[in-house]
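Let's take a walk through a structure together. Keep the sequence and the 3D view open as you read, and look up each place as it comes up.

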Amino acid sequence: MEERRIGVYVCNCGTNIAKMVDCEAVAREAEQLPGVVAARSYKYMCSNPGQEMIQQDIRDLKLDRVVVAACSPRMHELTFRGALQGAGLNPYFLEMANIREQCSWVHEDARAATSKAAALTRAAVKRVVFHEPLEKRYVDMCPATLVIGGGVAGITAALELAGADQPVYLVEREDHLGGNVARVDLTAPYLDSARDILAERIARVRENSNIRVLLESEVQQVTGFVGNFTATIRTGRDGEVATTEARIGSVIVCTGYQPFDAARVQSYGYGWFPNVVTSFDFERMLRSGRIVTDKGAPPRYVAIVHCIGSRSQEFHPYCSRVCCMTALKYAHEAKSALPEAYVYDLYIDMHAFGKGCEDFYRRSAEIKTIFLMYRKGSAPEIRQAGPKYDCEMLIRVNDQLSGEEVDIPADLVVLMVGMESREDAGKVARMVNISQDKDGWFIESHPKLDPVATTTDGVFIAGACQAPKDITDSVAQARAAAARILGKIARGRIEVDAVFAEVDEERCSGCRMCNELCPYVAIEYDETKKRSHVISALCKACGTCVASCPSGAIKARHFTDQQIFAQIEGVL
Amino acid sequence: MAILANPRLVGELEHYGAGDVVKCYHCGNCSAACPFSKEPFIFPRKSMRYLQMGLEDKLRGNLEPWLCYYCGECSEQCPREAEPGEVMMSMRRWLTAQYDFTGISKLFYKSWKAELSAIVAVALLTGLGFWWWGATHGDIRHYDGPQAFLASSFVHAFDWIMGGVLLALLLTNCARMWWFSMGRSRINVPLTEYVRRAWLLPVHFLTQKRYRECEKKRPWAVHLALMLSYVTMLVLIMFFLHAFQEGPEISWPHHSLGYLATIGLIGASVYALRGRIRRSETHYKHSHETDWIFLILLLYVAVTGIVQHALHRFGAGHAANILYLAHMMGVVPMLVLEVPFSKWAHLAYRPLAMYFSELQGAAILAREKSAAPAVRARAA
């Protein structure tokens, strides 16, 4: 093996690493390793002077391999790869040793931490010797996008993409666009009409020749990989069914949510008491302009109960986010439609986090909504009122703010049903290969920094299919997803990471074991050759197939057996 | 047993000035800011909650509004401008109306027109009655002596009759107050405790020492001056009227006290009126109609009283008698309408509330203490 010229750079990370690890000692020890021609420690390796120091050494000392002992590669691997590339070195000649998250942050004994940091650095040095020059590859980007779901998020995403002159397939299961927002009267907190918000956007969708709207349609299948998907869309119910094949480059999933079924909470008597209705039943009354009890009379007492199905151990532990402000909206609408009525609002905590929401809460109090705070797990109980009362029902509430148990009169009870993931969300997830959390919501790539991408390149999520969300946030996400896609379209091609698995066709026996195991559905089976092969654009280099292949025919680039054994040897 | 809430209560209290209570979201800043709020009477938040929820009976038996002297600290700290101080004030007005069994108080608080009409009617009746008596029994040109227009013996007798009736009304209301807050409550206070702590009543009445605990001292001083002047004047008139009305020699012990009280009454009422007009302090920011009527009547009575006295002493008997009539036309409506039915009644209710609350507090603490070992035993 030819002699390597390796540079080792130990980062202090301010005091993050240096307070527990003797960085200078780690560098001194690394200096002794075979092939190492320079080992330095520095305050901030990721800073410009730090990177320049590495580049200077690459040029002056003719380094051909670099080890950076610093933070997690998730943090700065791309930074240092860039530094290598800037100095004319293949970026994959870098190896990072994580001596922060896996060392200084988690240990309390400085000596032991230093010796562990030295071991990790040694492992990196041993491994980097076997690094191979890898080249990035590119695939074409088809500019068309498939938007699944014609609610407010889907409509917005479609308009955004079509506005940039890119073709869109907008697929909606129902016979009309609008989704759940189309079932709503006014919106919180500014009391704008949902109909106004939607009607204008739907008209624009209809007029836009870039958008192909497919109503009463469902996506049957999505195959391919980022920039090069093929979707099969089925239109029509029973009898007449048409199938559309669409070549698309990206997918935005905007399948939204379904309302919680109030009948599941028996203590509220939904379905039993005729005047206990859900928020969507109440929206229907509001939209028709007729708020009445089953007797046809306007209610004198309206009670709104929060958190039906939400924030409960029995049903959904999460908060559905929109119900609090929707409840306040009902208080406003009920008061304006029935000025003589008394409106009660029974809540657990008032979540008024959005812009304008705290002010809306305040105004709801000013119009004399009577707020009662009940305890999580001690739900209000509804019962029929006797003839001596002037109301239909009585609700027993254990008010937390007074410690008193009270009966309040009610003619109409509105249950604020929470949001839940759609029953068939799992089917969609499997179709586009994205994951769901324990509550069925689709999982984003990173909750803070990458909220609309998923672990599958080219597949984005927007709106309430990701988690309960109001119109504002759904629209923001839809536009964000569209912007992500337009960025890819603008570049015209997609960079594919050089790190992926490859099947050696000579050694593959065609057993197809790997096909089933690949979590990213990145392995295809070629029927004519009787061999499996990896679609590199889909592969995330997890290594599952490599480990499972009985013939040892699969090799993971940048994670070769040789590299890993060298690393193990180094750490021991 | 759950209590049936009355959603109309908030609307009802709005007439008494508690409109802002709906803004409260129970952060508790007010109770934290209040220098009086101590276990077991943590206020004003909880009283505000009873009101918001429509727990009418709880509120009716609640003494906490009377424990508040309205220094305004709570209203200044309130993040939602729910005006807890003013809400407590409004609850005192409402409680006054609740204690009054005749319903007149409620009428006055809800309609200033009704109160003003009643004042005018009583004033006219008083004027006519005294005019008739004076004209048939004396001479308008004589203020004192055997031909006096309004002889002190007659006015004295009138005062005592009126005083008796008003005291009976006020005592009935006080008894109702006791029933709501103590009598029907489940907290049992033995009679001996009532006797043992009875000294609290005159102490709170005469010193208003709790008011002094507020951070701002001036409102306490003004309030005390006004109250002491009022009481001095009441005592002087009820017992020593002849010393003022008869001449020509001046009885200085009585007169010096009278002048002091007059200065106190005029000074304090002008101070309060000016404060309310300028909204200079938190407790002057909101004025109910009854506040204006009370202060204007007070000032009117004090001014006409001193002017008729001066005219008499300067020998203008005719003019003094006319002013005396005008004075009586203010005094009688003020006493008849304010003592049992309106703001004046707090002179009795507030010290009573202090006294009752001390008894109640001691009983609650005693009960907790006796319950504590049982709790501990259960925990073990």
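At what angle do helix α9 and helix α10 of chain A pack, and how far apart are their axes? Helix α9 (residues 323–337) and helix α10 (residues 357–366) of chain A pack at an angle of about 40 degrees, with their axes 10 Å apart. Axes here are lines fitted to C-alpha atoms, for helices over the stretch in contact, and angles run from 0 to 180 degrees between N-to-C directions. Helices (H or I, at least four residues) and strands (E, at least two) are DSSP runs, numbered from the N terminus.

Before going on, a word about what you are looking at. This is a predicted model, in which local features need pLDDT of at least 70 and side-chain atom pairs count only at pLDDT 80 or more, while totals for chains, interfaces and linings use all residues. Residues are numbered from 1 along each chain as its sequence is written, and chains are lettered from A and ligands numbered from 1 in the order in which they are written.

Back to the two helices. α9(A) passes α10(A) in a left-handed crossing; a crossing is left-handed if the near helix is turned anticlockwise from the far one by less than a right angle, and right-handed if clockwise. On the α9(A) side you will find M325(A), L328(A), A331(A) and H332(A), which meet C357(A), F360(A), Y361(A) and S364(A) in α10(A). The residues of this contact of α9(A) with α10(A) divide into six nonpolar, two polar and no charged. In this scheme Ala, Val, Leu, Ile, Met, Phe, Trp, Tyr, Cys and Pro count as nonpolar, Asp, Glu, Lys and Arg as charged, and the others, Gly among them, as polar.

Now zoom out to chain A as a whole. Its domain assignment gives domain 1 (6–134), domain 2 (145–256 + 422–493), domain 3 (259–420) and domain 4 (501–556). Such bounds come from an automatic or database domain assignment. The C-alpha centres of domain 1 and domain 3 of chain A lie 60 Å apart.

Two lysines in chain A deserve a look at their backbone. K62(A) is in the loop between α2 (48–60) and β3 (65–70) of chain A, and its phi is near 55 degrees, a positive value in a residue other than glycine. K530(A), in the loop between β28 (523–526) and β29 (531–534) of chain A, has a positive phi of about 60 degrees although it is not a glycine. Are these lysines buried or exposed? K62(A) counts as exposed because it has 9 C-beta neighbours inside 10 Å, and K530(A) counts as exposed with 12. The rule is that a residue is buried if 20 or more other C-beta atoms lie within 10 Å of its own, exposed if 12 or fewer, and partly exposed in between, with C-beta atoms placed from the backbone.

Where the chains meet, 17 residues of chain A are in contact with 17 residues of chain B. Two residues are in contact if their C-beta atoms, placed from the backbone, lie within 7 Å. On the side of chain A that touches chain B, the elements that give two or more residues are α10, β19 (370–373) and β22 (405–410) of chain A. β22(A) gives the most, with four residues. By class, this side of chain A has eight nonpolar, one polar and eight charged residues.

Buried residues make up 38% of its 380 residues. Chain B is divided into domain 1 (9–99) and domain 2 (104–362), and their C-alpha centres lie 27 Å apart. The contact takes 27 residues from domain 1 of chain B and 32 residues from domain 2 of chain B. On the domain 1 side, α7(B) gives the most, with seven residues.

Finally, find Y349(B) in helix α18 (residues 346–379) of chain B. Y349(B) counts as buried because it has 21 C-beta neighbours inside 10 Å. Not counting residues up to four places away in sequence, Y349(B) touches W66(B), T96(B) and M177(B).
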